Amino acid sequence: MLDDAPRLRVRMRRTHGPGVDAPVTPGRPTSIGGLEVVVDASEEGELRWSVANAGDRDLDLDAVALVWDGGAADDCPRMFANGYQSWTPARTLRLGIDVDPSRDPRPIPLVRAAFHADPGVCAPGELRSEQVAVLASGDRARFAIGFVGGATHAGTIRVRIVDDRLELAATAWLGGATLRAGEQRVLHPFVIEEHDDPSVLLERWADRTGRAEQARVRAPFLSGWCSWYHYFEHVTERDVLDNLALADDWPFDVFQVDDGFQRAIGDWLHTNNKFPSGVEGVASAIRASGRTAGLWIAPFLAAPDSEVATSHPEWLARAPAGENPAIGMYHDVWGGVMWQLDTTNPEVVDHLAATAAALVDAGYRYLKLDFTFSASMPGRFADPTRTPAERVRAGYDAIRRGAGDDVFILGCGAPLGALVGAVDGMRIGADVAPWWEAPADAPGRQPAYEDTTPATKHAFVNTCTRSFMHRRLWSNDPDCIMLRNRETRLSRETIARWAETVGASGGLVLVSDDLSLIDADGRRLLDEVLVRARAVDAASREGTTPRALGLLDPQGPGGLTGS
Ligand code: 9PG
């Protein structure tokens, strides 16, 4: 497709500057807007490219793209579009009909920055996918475009129909990173493959990317308990101990304490008064029961009144303009605005490594790192040459360095592309909730971004559509099952359907209930789900993952093979 060189163009957007566009010939440097782009002839089907600052002044670069004609749009042109982070949907969109949510004026810009690599507004008619996209005519796939890697910048595939033809743009998102005078950056290569089965295309892309990025795919199968989806932020040490006491004959490897133990967002080694025994005491109790102790943290955030923010204001990223710190997340439950730690500051990475080491010393061997897209949010940083992807990856790498190689690290609220090779497990969908569809007043609901709201249906969609990632990029975490049939709005049928889908995915099986509310049927369901999940996981390690039914159906997938 890219051999059609006369139609190949490079498109570039410097920060605060207009987009510029020029034809490019593979093998020959193209000068554009003070930069030089080199596209190599492909090797092993991978197109290699780089961008260099040819001038004698530093330049800030938002995005550079290769743009080409993808042929006639055909009937029912569709794109399987992968979302940016754990909670963003992966599903099939209709070109010429569906609209990118960034075009909706209602959400504040911060919402766009949380759910997309590029927080800007899409062009009219344009749809986008992160890392990999499958282009299709109706139910038949045509080809996939995928970036082989994402650790140094995000890769966004943008598509629109121009004169009944597909205009394709493979975009490297550098997010305003400074290119020093004379500096060259090698960009992640990308591949184009043809096949009529979308699952085959996605699996081949994930195989290739997992190999290239040394994906961590050898962690043991895990089952466990998580405090979040029954107790939420009200969890107490007593709740954890009570469930531990009830769990004696439950098949859990991990017992994981979620949000609610900490004194402040950012101060992870100090508990609030609901956890009188401290982080060590809770870990000791879990370990004494023979289980792996797990803990949730949101490591790149700091509450304005946290010790970390007040004693080290210089560790905070600065807002894009003005003197305030940069926002990493707005969350009512935590009291509003949370600042963003600057992971380009060597002291911050040392602090993250030391925090992880201290938690491991306290007894934790499973860390759930949440809201980690926050390190990719806009701001000004100690090292302006780092891209958003590099800022996220630096934070994860620091935590890995402190925690050691044998601690299970679970990414959550995490930009997927940047973290292949960094995490053992990855949350691949929105939060479940004790309801199927989100009610109008569900917490976290954002106009135009409703499909990221905590709701079991949203977790179900991504568990099906991202099944190809399992044991290729990491172990998939589909999010928790809930087995209680009291204190929930889920019907017995829906409880079972969701639990069976988790089992059919082969991913992590985590239960999030007050165990005293689960009856014998619930327990039997868990045992069945675990048998299935172990078998599917074993097959996945051998390269056979379950496939989504109806992957190219714009109404969403119908389930997984075998479910
Ligand atoms: C703890 C939770 C759980 C859960 C995570 C994550 O936008 N929001 O308001 C929003 C709130 C919570 C949330 C996602 C989004 O969930 O996925 O498993 O750990 O944090 O706070």
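## A guided walk from helix to ligand

The model you are looking at is predicted, so local features need pLDDT of at least 70 and side-chain atom pairs count only at pLDDT 80 or more, while totals for chains, interfaces and linings use all residues. Residues are numbered from 1 along each chain as its sequence is written, and side-chain values use heavy atoms, with hydrogens and water left out.

Glu 347 sits in helix H7. Helices (H or I, at least four residues) and strands (E, at least two) are DSSP runs, numbered from the N terminus. Between the C-alpha atoms of Glu 347 and Trp 315 there are 7.5 Å, although the two are 32 residues apart in sequence.

In soluble globular proteins, nonpolar side chains tend to be buried together. The largest nonpolar core here has 133 residues, and Tyr 364, Leu 367 and Tyr 396 touch the most other members. Such a core is a set of buried Ala, Val, Leu, Ile, Met, Phe, Trp, Tyr and Cys residues joined through side-chain atoms within 4.5 Å. Because domain 1 (9–212) and domain 2 (223–300 + 342–560) both give residues to the core, it lies between them. The domain bounds come from an automatic or database domain assignment.

Now for the ligand. It is surrounded by 15 residues, the closest being Tyr 229, Asp 258, Asp 259, Lys 368 and Asp 431; a residue is near a molecule if one of its heavy atoms lies within 4 Å of it. Seven of the shell residues are nonpolar, two are polar and six are charged. In this count, Ala, Val, Leu, Ile, Met, Phe, Trp, Tyr, Cys and Pro are nonpolar, Asp, Glu, Lys and Arg are charged, and the others, Gly among them, are polar.

The side chain of Asp 258 has an N or O atom 2.6 Å from an oxygen atom of the ligand, and for Lys 368 the corresponding distance is 2.8 Å. A polar side-chain atom of Asp 370 also lies 2.8 Å from a ligand oxygen. On its own the ligand has 450 Å² of accessible area, and the protein covers 90% of it. Helix H3 (228–231) and strand E21 (327–331) are the elements that give two or more residues to the shell.

Two loops are worth a stop on the way out. Most residues other than glycine have a negative phi. Asp 74, however, has a positive phi of about 65°, and it lies in the loop between strand E7 (59–72) and strand E8 (77–81). Asp 74 is partly exposed, at 42% relative accessible area. Asp 163 also has a positive phi, near 50°, in the loop between strand E13 (154–162) and strand E14 (165–179). Asp 163 is exposed, with a relative accessible area of 71%.

We finish with a buried residue. Ser 223, in strand E17 (residues 223–226), has 1% relative accessibility. Its C-alpha atom is 7.2 Å from that of Pro 251, which is 28 residues away along the chain.

Conventions
A polar contact is a pair of N or O atoms within 3.5 Å; within protein, one must be able to donate a hydrogen and the other to accept it, and residues adjacent in sequence count only if both atoms are side-chain atoms. Accessible areas come from the Shrake-Rupley method with a 1.4 Å probe; for residues, only the protein chains shown count as cover. Buried means under 20% relative accessible area, exposed over 50%, partly exposed in between (1.4 Å probe, protein chains only).
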